[in-house]
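Q: Could you take me through how packed helices and open pockets are read from a set of coordinates?

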Amino acid sequence: MQKKENKVVKYILIGICVLFLFVMLVLPLCYIISIALGSGIKTYLVAITDKYTIKAMKLTIIATLWALAVNMFFGLSAAWCLTRFDFRGKKVISTLIDLPLTISPVIAGLVFLLTYGRQSVLYPLFDELGISVIFAVPGVVLATIFVTFPYISREIIPVLNTIGTNEEEAAALMGMNGFTIFRKITFPHIRWAFLFGVVLCTARAMGEFGAVSVLSGHLRGLTNTLPLHVEVLYQGYDFTGAFAVSSLLVIMAVVILILRNILEKK
């Protein structure tokens with residue numbers, strides 16, 4: 001009797017999960033693809049090879065690569081610092097790392113707008129040096145870095161806490177320097193967590209909208225990333241183009257999802 005009840009509950013829960021995933025994920029994705037290809041493959045190819053789409057894709061890739069470069073260095077440094085050293089203010093730093101996860105990206109964009117905009121005390125210095133942050137590519141990159149920097153460090157920190165310091169201390173007693181210890185002992189333990197964090201960081205960077213929207217100024221062909229370009233096309237009633245460009249983000253998301261599943265197994 002107990003087995004029958006468990007099976008009933010199990011199949012009900014499975015049915016709820018499948019139905020929810022179908023309604024929330026599969027159905028919208030299928031709708032995007034059907035609309036994108038609804039006017040024919042030729043129209044689809046014209047939309048995704050448009051010069052503004054290409055420029056938006058290039059900017060998305062540039063912002064993502066900058067975010068990865070900065071966050072890989074910051075993530076490793078922060079994780080090493082928080083797990084291998086004790087110091088005053090350690091909990092404060094750990095809390096600040098999670099800040100992008102707790103505040104709205106739009107608010108983050110407004111903060112950077114106030115910090116580096118014309119009303120900022122820093123603006124005369126940037127203006128004198130000829131550096132444009134707001135409504136320029138540096139602002140897009142800065143916003144992307146901000147919203148993605150917790151992901152790599154938060155994947156590495158639990159692994160470093162789990163493995164402890166015994167192997168590293170033994171290597172230090174045997175005369176290894178810090179870099180050799182990290183390269184031969186520490187990094188092999190954290191490499192899969194590190195790569196998993198890189199995948200999450202990439203996915204977040206490519207899909208960022210809120211903070212980038214505030215700082216970009218929506219300059220078509222200059223500061224629009226792919227998500228912003230989709231919004232411009234949709235508001236311009238170019239629905240086929242908007243869904244076609246959206247399908248590029250869907251394809252990227254599927255590729256990242258496959259990589260994530262592979263790394264989870266590792």
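A: We begin with the residue classes: Ala, Val, Leu, Ile, Met, Phe, Trp, Tyr, Cys and Pro count as nonpolar, Asp, Glu, Lys and Arg as charged, and the others, Gly among them, as polar. The model shown here is predicted.

Q: By class, which residues does the lining of the second largest pocket have?

A: Rolling a probe the size of a water molecule over the atoms shows where empty space is left. The second largest pocket has a volume of about 230 Å³, and of its 13 lining residues the closest to the centre are Tyr116, Arg118, Tyr123, Ser132 and Ile134. By class, this lining has 8 nonpolar, 3 polar and 2 charged residues, and its largest share, 3 residues, comes from helix H7.

Q: What volume does the largest pocket have, and which helix gives the most to its lining?

A: The largest pocket has a volume of about 450 Å³, with Leu29, Leu249, Val250, Ala253 and Val254 the closest to its centre among the 16 residues that line it. Helices H1, H11 and H14 each supply at least two lining residues, while H14 gives the most, with 8. By class, the lining has 14 nonpolar, 1 polar and 1 charged residues.

Q: At what angle do H8 and H11 pack?

A: Two packed helices are described by the angle between their axes and the distance between the axes. Helix H8 (residues 137-148) and helix H11 (residues 178-207) pack at an angle of about 135 degrees, with their axes 9 Å apart; the two are therefore oblique to each other, and their crossing is right-handed. In this contact, Thr144, Val147 and Thr148 of H8 meet Cys201, Arg204 and Ala205 of H11, which by class gives 3 nonpolar, 2 polar and 1 charged residues.

Technical notes. Residues are numbered from 1 along each chain as its sequence is written. This is a predicted model: local features need pLDDT of at least 70, side-chain atom pairs count only at pLDDT 80 or more; totals for chains, interfaces and linings use all residues. Side-chain values use heavy atoms; hydrogens and water are left out. Axes are lines fitted to C-alpha atoms, for helices over the stretch in contact, and angles run from 0 to 180 degrees between N-to-C directions. Helices (H or I, at least four residues) and strands (E, at least two) are DSSP runs, numbered from the N terminus. Angles under 35 degrees count as roughly parallel, over 145 as roughly antiparallel, 65 to 115 as roughly perpendicular and the rest as oblique. A crossing is left-handed if the near helix is turned anticlockwise from the far one by less than a right angle, and right-handed if clockwise. Contact means heavy atoms within 4.5 Å. On a 1 Å grid over the protein atoms alone, a cavity is a set of points where a 1.4 Å probe fits but cannot get out, and a pocket is an open set with protein on both sides within 12 Å along at least five of seven lines; lining residues have an atom within 4 Å of a point. Grid points are joined across faces, edges and corners, and a volume is the space filled by probe spheres set on the points.
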